[in-house]
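User: I am new to this structure. Please take me through the aromatic rings and then the chain as a whole.
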Amino acid sequence: MEQTQQLLDAAWNMVVNNYLDVVAALVIFAVGRIFAGWARKLTRKALERGNVDATLVPFLAKLVYYAVLAVVVIAVLNRVGVATTSVVAIFGAAGLAVGLAMQNTLANFASGVMLLLFRPFKLGDYVDAGGTAGTVMEIGIFSTTLKSPDNIKITVPNSQVYGATISNYNGYETRRVDLVMGISYDDDIQTAIDTIRSIVTADERVLADPEPQIAVSNLGDSSVDIVVRPWVNAADYWALRFDLNRKLKEGLEGAGCSIPYPQRDVHMYQPAN
């Protein structure tokens with residue numbers, strides 16, 4: 001208790017004897033923090049005005065903010081009598097200790113840098129990254145923010161994103177819609193294929209090149225399976241997929257084809273008396 005009291009008395013005496021320096025340090029910190037916020041906003045506006053990729057803007061703006069804040073902290077410590085060389089030494093030792101204790105955090109930072117360098121996706125892309133699917137809203141210093149189709153904000157650590165397989169559904173301008181339509185064994189295959197082709201090619205969203213693929217893919221237990229593979233612009237993928245499912249069912253039924261249910265024939269044998 002006596003040692004604690006002595007430390008408190010020493011700290012109080014330092015504040016009393018150097019109260020002007022302490023007040024000045026507090027003012028420097030307050031003003032510096034405000035300035036760091038301004039620097040972040042100005043950096044963001046300058047990057048946006050310079051047509052810098054939107055993916056880089058928040059990342060670089062945060063780097064500027066923390067860099068200015070680090071300078072402010074050094075200035076504050078120097079004002080209260082801590083030598084700059086001592087500050088650098090303290091930061092070096094603290095950096096080593098923090099690095100060992102926060103390996104995962106540093107891995108997230110390194111992964112964030114790699115994501116920005118190699119650009120496997122950009123803002124607005126719909127991706128499956130780290131086992132999580134959603135639209136990319138922000139690539140931060142330590143984590144990536146996604147928005148799920150049902151409007152849920154998902155934060156994924158950058159190391160988990162960069163260390164796993166990334167599926168970018170907007171990586172190319174076009175996508176292929178893969179559907180399978182089953183018809184009865186009693187139906188005419190050519191009639192079904194002609195009906196499917198007329199429905200698919202009549203939709204303006206379907207691309208003529210590559211040509212849609214329509215072919216018998218499998219002879220199933222209860223149906224003849226026909227694959228339907230039209231190409232479409234990535235932005236029209238889901239709308240076309242939903243529309244084709246309905247149009248193909250209605251069209252095949254209108255052409256006299258039936259879409260069978262899975263079924264099994266059971267034969268009963270009566271033992272002879």
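User: Is Trp238 buried, partly exposed or exposed?
Analyst: This is a predicted model, where local features need pLDDT of at least 70, side-chain atom pairs count only at pLDDT 80 or more, and totals for chains, interfaces and linings use all residues. Residues are numbered from 1 along each chain as its sequence is written, and side-chain values use heavy atoms, with hydrogens and water left out. Buried means under 20% relative accessible area, exposed over 50%, and partly exposed in between, with a 1.4 Å probe and protein chains only. Trp238 has a relative accessible area of 49%, so the class is partly exposed.

User: Which class does Phe242 fall into, buried or exposed?
Analyst: The relative accessible area of Phe242 is 54%. The cut-off for exposed is over 50%. Phe242 is therefore exposed.

User: Which helix holds both Trp238 and Phe242?
Analyst: Helices are DSSP runs of H or I with at least four residues, strands are E runs of at least two, and both are numbered from the N terminus. Trp238 and Phe242 are four residues apart, about one turn of the helix. Both lie in residues 237-254, which is helix 8.

User: Which residues form one aromatic cluster?
Analyst: Rings of Phe, Tyr and Trp (its six-membered ring) pair if their centres lie within 6.5 Å; planes under 30 degrees apart count as stacked, over 60 as edge-to-face and the rest as tilted. The cluster is made up of Tyr237, Trp238 and Phe242.

User: How many aromatic pairs are in the whole structure?
Analyst: The search covers the whole structure. One of the pairs is Tyr126 with Tyr169, tilted, at 5.6 Å centre to centre and 50° between the planes. The count of aromatic pairs is five.

User: How many residues apart in sequence are the parts that Tyr126 and Tyr169 tie together?
Analyst: Tyr126 lies in strand 1 (residues 126-129). Tyr169 sits in the loop between strand 5 (166-168) and strand 6 (174-176). The pair therefore ties together parts whose separation in sequence is 43 residues.

User: Which residue lies over the face of Tyr237?
Analyst: A charge sits over a ring if NZ of Lys or CZ of Arg is within 6 Å of the ring centre and within 35 degrees of the ring normal. Here the distance from the ring centre is 3.7 Å, and the residue is Arg175.

User: How many helices and strands does the chain have?
Analyst: The chain has 273 residues, and 29% of them are buried. Its secondary structure comes to eight helices and 10 strands.
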